[in-house]
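Trainee: Could we go through this structure together, please? I would like to learn how to read it.

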Amino acid sequence: MTDMLSSRNPYRPGAGVSPLFLAGRDDTQRRFKAILTASPELPANVRLTGLRGVGKTVLLKDLEEKAEGQGWLCSRVQVQPRHNTDSSITDLVTELGRATVRRVSNATRVRQAVEGAATAALEHVRVAWRDVELSFAAGGDSERDIAKELYDTVAAVDRHRHRGWLLMLDEAQVLRDDTDRNGSHPLSLLIAAVNALQEKELPIGLTLCGLPTLRTNLLKARTYTERMFRGEEIGRLAEPQAVEAFVRPLEDTGVEADPDVVSRVVRETECYPYFIQLWGAALWDAARDAGVVRFSEPLLDSIEKEIYRQLDIDFYDGRVEALTPAEQDLILATARCPYPPLRTADIHERIEHGAGYVNVLMGRLTEQGVVFRIQKGQYEYTAPKFHEYLKRRTDRLQTR
Ligand SMILES: Nc1ncnc2c1ncn2[C@@H]1O[C@H](COP(=O)(O)OP(=O)(O)OP(=O)(O)O)[C@@H](O)[C@H]1O
Ligand SMILES: [Mg+2]
């Protein structure tokens with residue numbers, strides 16, 4: 001048995017911090033692998049959507065690692081709101097493409113130096129740029145620019161004997177086309193360019209990952225995206241996998257969790273991965289401080305209040321505090337509405353402003369990724385258990 005007092009906390013609550021044991025994503029991993037194998041005859045595009053903290057980013061990292069293991073080259077980035085214009089999405093793709101070209105060229109140079117032979121690389125990509133260009137004759141200059149960058153990268157990747165190039169964009173829900181014809185259409189631009197290359201069976205894939213609004217944004221951008229992407233909804237874990245997420249990190253640590261504690265954590269966290277990591281980390285620290293090697297019910301009782309305090313600070317408070325005072329007032333008012341879903345009609349009844357005001361603010365809250373629209377007049381929060389949090393927050397404000 002290792003000395004627990006000196007070993008590191010095996011839980012990883014955080015944003016994009018990979019857990020020691022990635023639970024319950026086998027089906028997605030398997031399908032992802034099959035998609036890559038079927039490329040380029042079938043386009044390797046995947047859309048991963050889910051709520052805050054369900055584990056999209058760590059899954060994306062895992063898929064990246066697996067794809068690289070299958071001989072693909074991946075460029076993974078987190079999209080920022082500033083990328084949401086035609087020119088900056090083009091710049092982003094250019095930057096990623098050129099970095100990839102440098103990466104393959106350097107690797108080949110090193111290999112050739114080691115092997116002492118300048119083996120001529122084979123080129124599989126026989127499709128010339130002209131052929132691709134023809135397929136979007138109707139598209140504009142920006143589309144041609146972005147497609148040319150994609151093409152050059154794929155050709156280089158192929159020349160250096162990799163299976164293909166995978167562009168992986170996290171937080172992709174921030175890319176949204178303007179409804180105005182003369183506005184910015186970064187999402188359409190990217191999709192149309194990738195589609196043009198894939199129609200010529202070039203080995204390129206697009207993995208888009210983000211909040212549930214990503215799906216609607218894609219559909220609005222191009223109607224054919226429903227067929228172009230394989231959709232994967234990343235949700236909370238099933239109960240047996242939630243148990244694994246909680247118990248597996250304890251393996252070989254000499255620390256054990258009582259069955260009652262396991263079921264309580266599973267119930268309390270509602271099988272949401274981030275919460276499981278947070279509960280685990282807090283229990284571990286408490287056990288270490290108490291000098292015990294069991295997670296017992298009394299131990300959990302003694303820290304439960306503190307866990308919620310930590311949860312509010314680490315996971316929720318920032319989301320509310322980043323909003324304007326008017327947005328904060330509105331979101332706090334929703335604590336008193338029935339949920340789920342959140343109906344704008346219920347919100348009107350609880351604040352002094354009219355319907356137009358509520359709609360505008362809900363639009364802004366959607367843009368900021370706090371809520372997402374499920375249908376006309378109905379929304380859901382993007383963070384799990386957010387309604388309970390808002391109730392805790394309003395209670396706290398009232399007792400102050
Ligand atoms: N399958 C899993 N098994 C165990 N732990 C997980 C799993 N998925 C995620 N986690 C843990 O949950 C936390 C959140 O993961 P991650 O940051 O990937 O979520 P996310 O969906 O990207 O959240 P956000 O929408 O806020 O970006 C991390 O601490 C991670 O270690
Ligand atoms: Mg993430």
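**Reading the model**

Mentor: Let us begin with helix α13 (residues 325-333), where E327, Q328, L330, I331, L332 and A333 are buried. Buried means under 20% relative accessible area, exposed means over 50%, and partly exposed lies in between (1.4 Å probe, protein chains only). Helices (H or I, at least four residues) and strands (E, at least two) are DSSP runs, numbered from the N terminus.

Trainee: What covers the buried residues of α13?

Mentor: The cover includes the helices α12 (297-321), α14 (344-350), α15 (355-367) and α16 (386-399), together with β9 (371-375) and β10 (378-381). Contact here means heavy atoms within 4.5 Å.

Trainee: Before we go on, what kind of model is this?

Mentor: This is a predicted model, in which local features need pLDDT of at least 70, side-chain atom pairs count only at pLDDT 80 or more, and totals for chains, interfaces and linings use all residues. Residues are numbered from 1 along each chain as its sequence is written, chains are lettered from A and ligands numbered from 1 in the order in which they are written, and side-chain values use heavy atoms, with hydrogens and water left out.

Trainee: How many helices and strands does the protein have?

Mentor: There are 16 helices and 10 strands. The C-alpha atoms fill a box of roughly 70 × 65 × 30 Å along the principal axes. Of the 400 residues, 50% count as buried. Among contacts with a separation of 6 or more, 76% involve residues 24 or more positions apart.

Trainee: Changing topic, which residues come nearest to ligand 1?

Mentor: R12, G16, V17, K56 and T57 come nearest, out of 25 residues around ligand 1. A residue counts as near if one of its heavy atoms lies within 4 Å. Helices α2 (56-69) and α11 (273-290) each supply at least two residues of the shell around the ligand.

Trainee: And which polar backbone atoms lie by its oxygen atoms?

Mentor: A polar backbone atom of G53 is 2.8 Å from an oxygen atom of ligand 1. For V58 the distance is 2.9 Å, and for V54 it is 3.3 Å. A polar contact is a pair of N or O atoms within 3.5 Å. The protein covers 96% of the 640 Å² of accessible area that ligand 1 has on its own. Such areas come from the Shrake-Rupley method with a 1.4 Å probe.

Trainee: What about E149, is that residue buried or exposed?

Mentor: E149, in helix α5 (residues 141-159), counts as buried because its relative accessible area is 13%. Leaving aside neighbours within four places in sequence, E149 is in contact with V93, T94 and R98.

Trainee: Where are the cis peptide bonds from S39 to P40 and from P340 to P341?

Mentor: P40 sits in the loop between α1 (26-38) and β1 (44-49), and the bond from S39 has omega near 5 degrees. P341 lies in the loop between α13 and β8 (342-343), and the bond from P340 has omega near -15 degrees.

Trainee: Lastly, what is phi for R161 and for E201?

Mentor: Phi of R161 is near 65 degrees, a positive value in a residue other than glycine. R161 belongs to the loop between α5 and β3 (164-170) and is partly exposed, at 46% relative accessible area. Phi of E201, also not a glycine, is positive at near 60 degrees. E201 is in the loop between α6 (186-199) and β4 (204-210), and counts as partly exposed at 43% relative accessibility.

Technical notes
Polar contact = N/O pair within 3.5 Å; in protein donor to acceptor, adjacent residues only side chain to side chain.
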